[in-house]
Amino acid sequence: MPGGLLLAQSEQVFDTRGMATGHAQNLAVETLDGAHQGARRAQLELVADRVSPLTLAREQNLPVHDSLTSLFPDGALRRGTIVGVSGVGATSLALAVVAGPSAAGSWTAFVGGTDIGLVAADEHGVVLERLLVIDPAPSAWSSTVAALIGAVDLIVISPKHRLHEPDARRIGSRLRERGSVLVSIGSRWPVGADVQLDVAESRWCGIGVGHGVLQLRKATIAGGGRGAAARPRSLDVLLPGPGGAPRSVAEAD
Amino acid sequence: MAAPVRTLVAWCPDWPVVATGVPLDEPSAVLFANRVVAASPGARAHGVVRGLRRRVAQARCPDLSVHERDEAKEARLFEPVVAVLDDITPRVEVTRPGACALVSRGPSRYFGGDEVVARLVSERMAEIVASRTDVRVGVADGPFAAELVARAADPIRLVPPGTTAEFLAPMNIDVLERSDLTDVLRRLGISTLGALARLPAADVLARFGREGQGAHRLASGLDERPPDARYPPADWSVSAEIDPPADRVDRVAFVARSIADELHRRLRRNGVTCVRVGIQAETEYGEEVIRFWRHEGALSDAAVADRVRWQLDGWLNGPAVNRPSGGIARIALVPDELIAATGRQLGFWGGETEVDQRAARVAARLQGQLGAESVLVPEFRGGRHAHEQLMLVPAATVELAGRSLDPRDEVAPWPGSLPAPSPTRLLSDPVAVEVLDESGGVVEVTGRGLLSSPPTQLIVKGRCKAVVGWSGPWPIDERWWDAEAHRRQARLQLVTADGRAQLVALEAGVWQVTAHWD
């Protein structure tokens, strides 16, 4: 058995859900053999990951949409980080970033984003059943974000006012401690985001002069950030792709 | 097997509707989370039943008045109705606002028979309820049967001791209110309680587990659980002094929440849970009120605090006769009828999970801090515009954990809505703009839905942007039958030279940007 699994069992011993998971995996080991065993076990482990109530070290990453993996250092969204998005199409990019973890079971909160199109969020792949939209007064803004950190995995903010540096630092350290991800749309994060994504160039397709309809947008995203994310990188992606969900350019061709 | 304790249930039909203050003969319905939870007889005559969505209910009965559910108000109005029973017995259990139960043995001995007590209860309560609704009283073995008897009563009905099973036999199994179980039973050809009761108890337990066993016992006219209930030792109740005495309900509720936490911790440590919790409040002059609420191990700390709030609201703001003369000085929670805690099984596949509960908790906390209207969740409504298809509703009005939005494909299409991708930013205050053609004239839309000339410039707040792509117009003429809600507009998708796409609409001669594809 892999070490992670042993750890998972010992940590979950007082939790009925964890026990059920361990039991399911033992069953798999005992009763299945042959060519299907590997695939079945992988599936079971996937299920175990989704239903496990604890955050283990190997679960420090949240999955992102396949078309966006090359924008993130580990190919996934690391817990406790801040992602800044900017440029024309920033909202669409932010929705695409949170869509992956949201589909995998995380809750999302939009703070101050009552104007974000919910139909668009749905089309991008954000699960609306696990979405809270919070509209705090400017004075209660920081305390609202602080309360959400740790309780929901993804927090999307589009601040209309300037954020003070001490507030930003406090939010950053709380994020690292509790493991939520903050996605900031628009103005740059005052103390520098861990991963900064800018829509450098975008072009709408499907619409002509007097004919057609908006169908998809070809966007070039420039990535930067701090630490492992500092290496400049660039990605062409359809944002939104046909039907609304992001799509990699290669896949569309 | 010992018969369950003789129980009297008094039931006021349609209490949620009564609490709204609307006369019952007018069609009205009470909704929670966009579903009908109660309907007045006037509305029922039009086919408005429990569980319907708002839109469907309004379609069946166009002049229906709808009200959001307000449980606190229901409980507050019910409190004076229950208070009149205090002279008959000290132990009245409020099953929910609108229904209460009492053990009939003691009062029957004192007043001389179940029938006398039932008549007394009925008369006293009817006096308070007056003409708002009627009161129905049923007496049978056990609270489950007694409530069903009350529903069938007009206005009083007694089922003789030992014949409860015969009374229940012809009833539909839906009255068990366990849809998962009854679905399976019906497919097995078991549609009445009598048919269920005839099955061997051991086989039902083997096939359906504890839930099935409970249902089988109810159907057989027994208590849901084997009668192993123990009265708790007195020291398991928790209390708190309030100094200075509180004259405001929220202060007491705040204290109640922390002692509810203490009570639950104590019970959990001993592996038990209580069927009922008694809320006892005492004023500085020694006046006391105790009321029992159904608990079944399913009430959270906040839910207990809610019940404290409801009960005290009714007492402090009720009729002057019952009103206490001072502030509340002491509050106690008394667990009643302890049973072994079997735990609440969380779903393995989907359903309620730990992450859902965490989100629900933070939502409740933020509602407290920011107000209920600042914490919102999406809800499917349907419409031609992006802002109508999904609306934001207060999170307080829905069940957050394990919720599922109505699948969108169930609904018939809305002709006139624009295809995906939908705009990512919707402007609540549309910005007035100018859409100009090559010669600098304002672009107009003819009565037949055609543009007067192709747009080439978009002027937003004095700044001019060149139009590089456009499509439309899509005319729309909505709600022409309603003078106030009537809207007639033509929509245009515009892409400007800076790469931005926006939806502009011409309405009443004014162009406005209504949404962006950011």
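This is a predicted model: local features need pLDDT of at least 70, side-chain atom pairs count only at pLDDT 80 or more; totals for chains, interfaces and linings use all residues.
Q: In which sense do E5(A) and E13(B) pair, and over how many bridges?
A: E13(B) covers residues 375-380 of chain B. E5(A) and E13(B) pair in the antiparallel sense, over two bridges.

Q: Which strand of chain A pairs with E5(A) in the parallel sense?
A: One bridge to follow links A:Ala109 with its partner A:Leu132 in E5(A). The pairing runs over four bridges, and the strand that joins E5(A) in the parallel sense spans residues 108-111 of chain A. That strand is E4(A).

Q: Which strands stand at the edges of the open sheet?
A: The sheet has 11 strands with mixed pairing, in the order E11(A)-E10(A)-E9(A)-E8(A)-E3(A)-E7(A)-E6(A)-E4(A)-E5(A)-E13(B)-E14(B). An edge strand has a single partner strand, so one of its sides is left without a neighbour in the sheet.

Q: Into how many nonpolar, polar and charged residues does the side of chain A that touches chain B divide?
A: The contact takes 48 residues from chain A and 49 residues from chain B. On the chain A side, the elements that each supply at least two residues include helix H2 (16-31), strand E5 (131-134) and strand E9 (212-225). By class, this side of chain A divides into 28 nonpolar, 14 polar and six charged.

Q: What share of the residues of chain B count as buried?
A: Chain B has 15 helices and 20 strands. Among its contacts between residues at least 6 apart in sequence, 55% join residues at least 24 apart. Of its 518 residues, the share that count as buried is 36%.

Q: Is B:Ala39 buried or exposed?
A: B:Ala39 is found in strand E3 (residues 35-39) of chain B. Leaving aside neighbours within four places in sequence, its contacts are B:Val17, B:Ala29, B:Arg44, B:Val48 and B:Val49. Counting as buried takes 20 or more other C-beta atoms within 10 Å. B:Ala39 has 27 C-beta neighbours inside 10 Å, so B:Ala39 counts as buried.

Q: How far apart in space are B:Ala39 and B:Pro27?
A: In sequence, B:Ala39 and B:Pro27 are 12 residues apart. From C-alpha to C-alpha, their separation in space is 7.6 Å.

Q: At what angle do H12(B) and H13(B) cross?
A: H12(B) covers residues 249-269 and H13(B) covers residues 301-316. Their crossing is right-handed, and residues in the contact include B:Val252 and B:Ala256 of H12(B) and B:Val304 and B:Val308 of H13(B). The contact divides into 11 nonpolar, one polar and five charged residues. The axes come within 8 Å and cross at roughly 140°.

Q: Why is H4(B) oblique to H13(B)?
A: H4(B), residues 71-83, crosses H13(B) in a right-handed way. Residues that meet there include B:Ala72 and B:Arg76 in H4(B) and B:Trp310 and B:Asp313 in H13(B). Angles under 35 degrees count as roughly parallel, and 65 to 115 as roughly perpendicular. The axes cross at roughly 45°, which makes H4(B) oblique to H13(B).

Key: Residues are numbered from 1 along each chain as its sequence is written. Chains are lettered from A and ligands numbered from 1 in the order in which they are written. Axes are lines fitted to C-alpha atoms, for helices over the stretch in contact, and angles run from 0 to 180 degrees between N-to-C directions. A crossing is left-handed if the near helix is turned anticlockwise from the far one by less than a right angle, and right-handed if clockwise. Two residues are in contact if their C-beta atoms, placed from the backbone, lie within 7 Å. Ala, Val, Leu, Ile, Met, Phe, Trp, Tyr, Cys and Pro count as nonpolar, Asp, Glu, Lys and Arg as charged, and the others, Gly among them, as polar. Angles under 35 degrees count as roughly parallel, over 145 as roughly antiparallel, 65 to 115 as roughly perpendicular and the rest as oblique. Two strands pair if DSSP finds at least two bridges between them. A residue is buried if 20 or more other C-beta atoms lie within 10 Å of its own, exposed if 12 or fewer, and partly exposed in between; C-beta atoms are placed from the backbone.
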